[in-house]
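Please view the sequence and the model before reading on.

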Amino acid sequence: MSHFECKRVENCFASSAVYQYRLGYKIDDEFLAWLANISSAFKCRRDFPRPYFNATLADGTQVKGVIGDIAMKVVYPDDNSDQCKEAFEKLLSAAVRA
């Protein structure tokens, strides 16, 4: 069983696959380390008033959010969004704490 909530987010592009994931805890350094480990590109800016992170996975999936928040946004590539969503949720299920 997954320990996160997922809902589709309205976007100005009708075909875009954008989802919000709500975790049962605040996004912290442990979660960011996990995300950096599975990313092909990872950026974390702690020097901003709302410190954020942005990760791109090898399949083009983008994970974005604010450090310390309980939610993040995930944008899946248009060409294979269903497969990318399934793959990301499998990784997330294994990583998320109860």
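Lys-85 lies over the face of Tyr-19, 4.8 Å from the ring centre; a charge sits over a ring if NZ of Lys or CZ of Arg is within 6 Å of the ring centre and within 35 degrees of the ring normal. The model is predicted, so local features need pLDDT of at least 70 and side-chain atom pairs count only at pLDDT 80 or more, while totals for chains, interfaces and linings use all residues. Residues are numbered from 1 along each chain as its sequence is written, and side-chain values use heavy atoms, leaving out hydrogens and water.

Tyr-19 also belongs to a cluster in which ring pairs link Phe-4, Tyr-19, Tyr-21, Tyr-76 and Phe-88. The structure holds 6 aromatic pairs, where rings of Phe, Tyr and Trp (its six-membered ring) pair if their centres lie within 6.5 Å, and planes under 30 degrees apart count as stacked, over 60 as edge-to-face and the rest as tilted. Two of these pairs are tabulated below.

| Pair | Centre distance | Plane angle | Class |
|---|---|---|---|
| Tyr-21 and Phe-88 | 5.7 Å | 75° | edge-to-face |
| Phe-31 and Trp-34 | 5.3 Å | 45° | tilted |

Both Tyr-21 and Phe-88 are buried, that is, under 20% relative accessible area with a 1.4 Å probe and protein chains only. Phe-31 and Trp-34 are buried as well.

Leu-23 is in contact (heavy atoms within 4.5 Å) with residues including Phe-4, Phe-31, Met-72 and Leu-92, leaving aside its neighbours within four places in sequence.

Conventions: Buried means under 20% relative accessible area, exposed over 50%, partly exposed in between (1.4 Å probe, protein chains only).
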